[in-house]
Amino acid sequence: MSHRTLPQPPRRTTRRTGAPPPATATVAGGPSAAHQLQSPEEPPSADPPLPTDEPPSAEGPLPAAEELPSAGKPSSAAGPLSIWPGSAAPLGHDDLAVGGVPLTEIADRFGTPAYVLDEAEVRHRCRAYLRAFPDADVFYAAKAFLCRAMVHWVREEGLGLDVCSAGELELAVTSGFPPARIVLHGNAKSPADLRAALRLGVGRIVIDSTSEIARLAAAVPAGSRQKVLIRVVPGVAAGGHAKIRTGTDDQKFGLSLADGSAQHAITRVLSQPRLELVGLHCHLGSQITTVKPYLSAVRRLIGLLARIQEQHGITLPELDLGGGHGVAYRPGEPTLDLASLGDRLRAELAGGCAAAGLPVPRLAIEPGRAIAGPAGVVLYRVLSVKRTGAHTFVAVDGGMSDNPRPALYGVRYAPRLIGRRTTAAPEPVTVVGRHCEAGDVLAADARLPGDIRPGDLLAVPVAGAYHLSMASGYNLVGRPPGIAVAEGHARLLVRRESLADIQERDIGL
């Protein structure tokens with residue numbers, strides 16, 4: 001089987017609004033302690049990687065080095081703005097600008113809650129991934145956050161896209177994304193998902209269960225073949241919370257390496273003339289901050305590749321290691337060292353394949369949170385302050401309907417007061433949402449000025465991933481808008497869900 005890559009995107013000839021910020025922007029947690037992003041020399045490949053799509057510019061090329069925090073090191077080496085977008089800048093003592101736009105101005109113009117996405121930070125992170133993985137395919141994980149603007153940014157920066165539903169797929173393709181550079185995931189793909197994927201011509205479908213094989217093969221039009229990957233469970237435990245660890249046998253995703261399910265699925269796929277098996281896929285979990293689990297997964301997958309060659313006489317040309325790259329949500333938390341990940345994965349893959357007598361497969365990765373998360377900020381307005389015994393509860397006008405992650409995973413954030421000057425000393429408070437749930441807590445043990453009061457404006461960084469994408473209609477409060485900032489301008493990407501929107505869905509008795 002020949003070594004293949006996904007189709008390449010067209011190169012841009014002009015720099016768009018939202019060019020990358022200076023090298024002070026970082027990939028996994030704001031401008032922290034510098035770590036030089038270096039790409040070791042790679043042997044020439046018959047197929048080029050997805051390009052960075054970076055045109056010549058009068059502004060000059062991007063810096064050769066990107067600043068990255070080292071794995072296990074605190075992300076706060078540069079101070080309290082370390083986890084904010086690289087463009088974040090104080091305005092006096094009482095405000096903060098992102099993308100050159102004061103956050104108080106955004107709150108006044110668009111209301112609260114409001115989600116702000118720094119376009120330049122998104123683009124910068126896309127480019128940093130392409131530099132850390134120069135001979136790999138990088139797919140943005142759409143589940144982290146997707147809208148038409150994000151589709152355009154990701155395409156222009158040269159990334160592929162992975163989607164999990166017909167809805168995400170249709171939005172991407174109707175926004176101009178080439179379907180051949182899209183990968184479809186899902187542990188339980190519906191018939192509508194598969195029909196849409198085949199109709200639109202997605203580049204890869206990741207098979208997640210044996211029952212999916214015959215269904216997919218039957219749906220492929222006669223005379224054509226659909227490229228597929230098998231999602232393998234390598235038996236590697238990794239991730240920041242039990243609910244987001246997906247590399248072990250005790251969860252719903254993938255086909256087990258330990259019990260032979262993966263090998264059985266491979267045999268079945270190879271017996272289907274309308275399916276073309278091009279590689280293996282795995283995803284270990286989310287919020288992984290060390291390289292070691294990925295290296296363990298590579299070793300086990302190389303062993304499977306060797307068995308496939310021995311038993312079936314074929315060499316699979318692709319290996320997709322998924323994403324799950326951890327970011328810091330509060331200053332001082334560890335982040336995944338992207339440069340080290342790229343270097344060590346390539347070394348492990350090359351060494352393991354050489355020992356097994358295999359050609360090195362083309363690597364693919366799927367970052368989502370690490371691109372969108374630190375590029376986002378959410379703005380809330382304080383509605384009430386309640387002091388009960390030793391506890392102070394600061395209630396805001398959002399909550400678990402726009403950010404369910406604290407309730408699901410116990411995530412902790414670092415909110416910041418903006419828009420009002422104060423000399424009050426910080427005190428520990430619990431920032432809670434407006435919903436009728438005791439678990440609607442947005443930030444436990446946050447430190448805010450002791451004179452915090454209703455009407456104050458809070459800004460919470462690292463809000464670009466799994467907030468709006470997981471937002472719900474709980475209590476019918478309506479989902480917040482998404483706003484892009486770039487070069488001193490703010491524009492609406494996704495409008496606020498109104499009461500009229502909610503009522504129009506209810507068709508009556």
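Is Asp137 buried or exposed, and what is its relative accessible area? Asp137 is buried, with a relative accessible area of 6%; buried stands for under 20% relative accessible area, exposed for over 50% and partly exposed for values in between, with a 1.4 Å probe and protein chains only. The legends below describe a predicted model, in which local features need pLDDT of at least 70 and side-chain atom pairs count only at pLDDT 80 or more, while totals for chains, interfaces and linings use all residues. Residues are numbered from 1 along each chain as its sequence is written, and side-chain values use heavy atoms, with hydrogens and water left out.

**View 1. Asp137 and its polar partner Arg362.** Asp137 belongs to strand E5 (residues 136-141); helices (H or I, at least four residues) and strands (E, at least two) are DSSP runs, numbered from the N terminus. The side chains of Asp137 and Arg362 are joined by a polar contact of 3.2 Å. A polar contact is a pair of N or O atoms within 3.5 Å; within protein, one must be able to donate a hydrogen and the other to accept it, and residues adjacent in sequence count only if both atoms are side-chain atoms.

View 2. The backbone nitrogen of Ala339 is reached by the side chain of Asp337 at 3.2 Å.

**View 3. The packing of helices H2 and H9.** Two packed helices are described by the angle between their axes and the distance between the axes. The axes of H2 and H9 come within 9 Å and cross at roughly 30°; axes are lines fitted to C-alpha atoms, for helices over the stretch in contact, and angles run from 0 to 180 degrees between N-to-C directions. H2 and H9 are therefore roughly parallel to each other, where angles under 35 degrees count as roughly parallel, over 145 as roughly antiparallel, 65 to 115 as roughly perpendicular and the rest as oblique. Ala128, Tyr129 and Ala132 of H2 make the contact with Leu338, Gly342 and Arg346 of H9, contact being heavy atoms within 4.5 Å.

**View 4. A salt bridge between two loops, Asp456 with Arg420.** The closest N and O atoms of Asp456 and Arg420 are 2.8 Å apart. Asp456 lies in the loop between strand E18 (441-449) and strand E19 (457-461), and Arg420 in the loop between strand E16 (416-418) and strand E17 (426-432), so the pair ties together parts that are 36 residues apart in sequence. Asp456 and Arg420 are both buried.

**View 5. Ala395 in strand E15 (residues 391-396).** Ala395 counts as buried, at 15% relative accessibility. Its C-alpha atom is separated by 5.6 Å from that of Leu383, twelve residues apart along the chain. Not counting residues up to four places away in sequence, Ala395 touches Arg381, Val382, Leu383, Ser384 and Val432.

How values were computed:
Salt bridge = Lys/Arg side-chain N within 4 Å of Asp/Glu carboxyl O.
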